[in-house]
Amino acid sequence: MLKKKILKALTNQINEEMYSGYLYLSMESYFHSISLAGFASWMRVQAQEELHHGMRLYDFVNERGGRVFLDTINRPDAKWENPLAVFEQVMAHEEKVTALINELMDLAGSEQDHATKIFLQWFVSEQVEEEASVGDVLNKLRLIQNDSSGLFMLDAELAKRVFIPPAKE
Ligand code: FEO
């Protein structure tokens, strides 16, 4: 059985992950609007991953006998100046999510909830990967600056990303 504090924090994290999915879907649509289909496709995969993270937490709470009371999902931003501004926001958002996961880990530790700690380990590793892949795109966008041929090359590279649902351990 989950302790009240842990249940509240996990439920909040479900909302954060669903919001992340919303945010990245909004970004996908922005990229479509400026004809960068590869960036749009990358964002779709990113959104799918986030919704998957939310469902992973949701399933865990149910599995542990907790009741999930879903909350309102905030409205995501919809306008950006350019692709660089989008990825700067993605990085800031992922860093925020990493901090939330770390706080959850700390809470699970202080509440001596070992099962939740083990469960959250996957999210800790996932955040390392996420920050690395977003950082890679961000660095490339900074190098490209206003070079449109570089942007189109990056667009073609990002189009290759596919969503692979991670196996449940
Ligand atoms: Fe699920 Fe990108 O944090």
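Student: Which side chain does Glu-28 meet in a salt bridge?

Tutor: Arg-44. This is a predicted model, and in it the N to O distance for that pair is 2.9 Å. The two link distant parts of the chain, with Glu-28 in helix 1 and Arg-44 in helix 2, 16 residues apart.

Student: Is Glu-28 buried or exposed?

Tutor: Glu-28 counts as buried, because its relative accessibility is 8% and the cut-off for buried is under 20%. Arg-44 is partly exposed, at 41%.

Student: OK, how many salt bridges are there by this rule?

Tutor: The count comes to nine. One of them joins the side chains of Arg-142 and Glu-88, at 3.8 Å from N to O. Arg-142 lies in helix 4 and Glu-88 in helix 3, so this pair ties together parts that are 54 residues apart in sequence.

Student: And how accessible are Arg-142 and Glu-88?

Tutor: Both ends are partly exposed: Arg-142 has 41% relative accessibility, and Glu-88 has 37%.

Student: Changing topic: which residues are buried in helix 5?

Tutor: In helix 5, residues 148–158, the buried ones are Gly-150, Leu-151, Leu-154, Asp-155 and Leu-158. They cover an arc of only 145° around the axis, which puts them on the same side of the helix.

Student: Why would residues with that kind of spacing point the same way?

Tutor: An α-helix has 3.6 residues a turn, so residues three or four places apart point the same way.

Student: Nice. What is exposed on the other side of helix 5?

Tutor: Phe-152 and Met-153 are exposed there.

Student: Last one: what do the buried residues of helix 5 pack against?

Tutor: They pack against three helices: helix 2 (37–63), helix 3 (83–110) and helix 4 (114–144).

How values were computed: Residues numbered from 1 in each chain as written. Predicted model: local features only at pLDDT ≥ 70, side-chain atom pairs only at ≥ 80, totals over all residues. Heavy atoms only, no water. Buried < 20%, exposed > 50% of the residue type's maximum accessible area, 1.4 Å probe, protein only. Helix = DSSP H or I, 4+ residues; strand = E, 2+ residues; numbered from the N terminus. Arc of directions from axis to C-beta. Contact = heavy atoms within 4.5 Å. Salt bridge = Lys/Arg side-chain N within 4 Å of Asp/Glu carboxyl O.
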